[in-house]
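Visitor: Please show me the model and take me through some of its contacts.

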Amino acid sequence: MATTRPVPWVPPLLCLAVLLGGVYYAVVTAGPSMRTAGFVACVLLVMGVDALDRRIPAAALLALRIALYATVNALDVSGVARVLFVLVPFTAYFAFGRRAAVALGAGCVAAIVAAYTLWVPDWQVRAAYISDLVMFALGVVLAVTMAAVAVREREARVRLERTVREVEVLSAAQERNRLAREIHDSLGHHLTAIGIQLEKATAFADLDPAAARTAVSDARWSADRALTEVRQSVRALGPDRFRLTGALTELIARLNDGRLAVTLEVTGDEGERPQAALTAVYRAAQEALTNACRHSGATRIRLSLAYEDSGASLVVADDGRGFDLREGFGIRGMRERIGHLGGRFELASASSGTTVSVTVPW
């Protein structure tokens with residue numbers, strides 16, 4: 001099959017220049033004739049070659065072009081039609097590659113030399129023919145160079161499009177992972193809180209109905225909050241302005257009960273900080289509290305939050321029995337989230353308790 005050229009306007013433009021130049025020369029020198037009419041018809045036929053069915057083999061199209069170029073040159077009285085032969089290596093470059101184009105270009109120059117030798121006596125010492133030959137050779141070089149540049153540009157564009165598609169796929173995967181972490185961090189924490197509050201309601205149902213009702217209310221709040229945060233994650237939208245200190249205070253208030261004491265110590269001013277950093281710290285606190293409530297059996301949890309000029313740091317320490325440090329999805333998600341922001345995540349767990357340390361730069 002013939003190969004579609006990246007610069008399809010070059011052959012028609014060159015043919016048009018040959019047509020105008022040849023007709024003008026014929027009119028001003030000898031006037032219109034049947035030879036001129038044949039010249040015009042052949043040039044128009046050359047211009048129509050590119051419209052042929054692309055199912056025609058490239059070699060056949062190239063042979064047809066060469067035959068038409070030779071016919072046009074035979075009918076041309078001006079000599080300008082010789083320039084059409086620079087299209088031979090130009091079109092061959094796209095169909096057959098660089099080596100074939102260079103070989104055909106050299107063949108075209110050799111053919112011009114042979115024609116001069118056969119039909120032009122002493123052409124080697126006539127400046128006009130030497131100049132024509134040099135200009136033709138330069139035209140061949142420029143045609144091959146233009147074809148090479150066009151091919152490289154097309155290949156670069158194809159690589160760029162492929163890269164863009166790969167980046168889009170990677171971005172979609174990263175976004176899915178981000179949403180999965182968001183949903184896990186938020187939903188996992190709230191489900192744990194709901195479980196704790198329902199256990200409390202069951203335990204105090206007969207002994208302290210008021211405390212049981214409060215526990216059910218807290219569980220309902222956690223369910224509503226979980227639904228809200230999941231919707232925000234799916235829509236990739238956060239609150240108008242996320243306030244970390246307030247969110248942690250509210251979170252801790254819902255966890256504190258007679259069996260678990262959670263405290264928060266804050267130093268520094270939150271101010272107007274980057275939302276991504278504040279959200280990352282909050283998610284880390286959620287995951288740390290969830291693990292403390294679910295796995296460690298802690299009775300006291302202390303959160304220390306510090307706002308500094310360089311970033312925020314959070315330390316969550318409990319007095320539980322510790323847990324297996326093999327990273328599950330939640331811990332791995334925390335580490336990746338903090339790492340993407342250029343922060344630091346540390347986890348230490350022993351029989352005397354667990355400590356999670358997070359630092360996020362602004």
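This is a predicted model: local features need pLDDT of at least 70, side-chain atom pairs count only at pLDDT 80 or more; totals for chains, interfaces and linings use all residues.

Guide: Residues are numbered from 1 along each chain as its sequence is written, and side-chain values use heavy atoms, without hydrogens and water.

Visitor: How are H1 and H2 oriented to each other?
Guide: Helices are DSSP runs (H or I, at least four residues), strands likewise (E, at least two), numbered from the N terminus. The axes of H1 (residues 10-29) and H2 (residues 34-49) come within 10 Å and cross at roughly 175°; axes are lines fitted to C-alpha atoms over the stretch in contact, with angles from 0 to 180 degrees between N-to-C directions. Angles over 145 degrees count as roughly antiparallel. H1 and H2 are therefore roughly antiparallel.

Visitor: What kind of pair do the rings of Phe90 and Phe94 form?
Guide: Rings of Phe, Tyr and Trp (its six-membered ring) pair if their centres lie within 6.5 Å; planes under 30 degrees apart are stacked, over 60 edge-to-face, the rest tilted. Phe90 and Phe94 both lie in helix H4 (residues 87-96), four residues apart. Their ring centres are 5.1 Å apart and their planes stand at 85°, so the pair is edge-to-face.

Visitor: Is Trp123, the partner of Tyr116 in an aromatic pair, buried or exposed?
Guide: The pair of Tyr116 and Trp123 is tilted, with 5.5 Å centre to centre and 50° between the planes. Buried means under 20% relative accessible area, exposed over 50%, partly exposed in between (1.4 Å probe, protein chains only). Trp123 has 7% relative accessibility and therefore counts as buried.

Visitor: How many residues apart are Asp132 and Arg82?
Guide: Asp132 and Arg82 form a salt bridge, with the closest N and O atoms 3.0 Å apart; the term means a side-chain nitrogen of Lys or Arg within 4 Å of a carboxyl oxygen of Asp or Glu. Asp132 is in helix H6 (residues 127-204) and Arg82 in the loop between helix H3 (58-75) and H4, a separation of 50 residues.

Visitor: Which residues are joined with Arg243 into one salt-bridge network?
Guide: Arg243 meets Glu270 in a salt bridge at 3.9 Å, N to O. Arg243 also forms a salt bridge with Glu272, at 3.6 Å between the closest N and O atoms. Through shared partners, the network joins Arg243 with Glu270 and Glu272.

Note on methods:
Angles under 35 degrees count as roughly parallel, over 145 as roughly antiparallel, 65 to 115 as roughly perpendicular and the rest as oblique.
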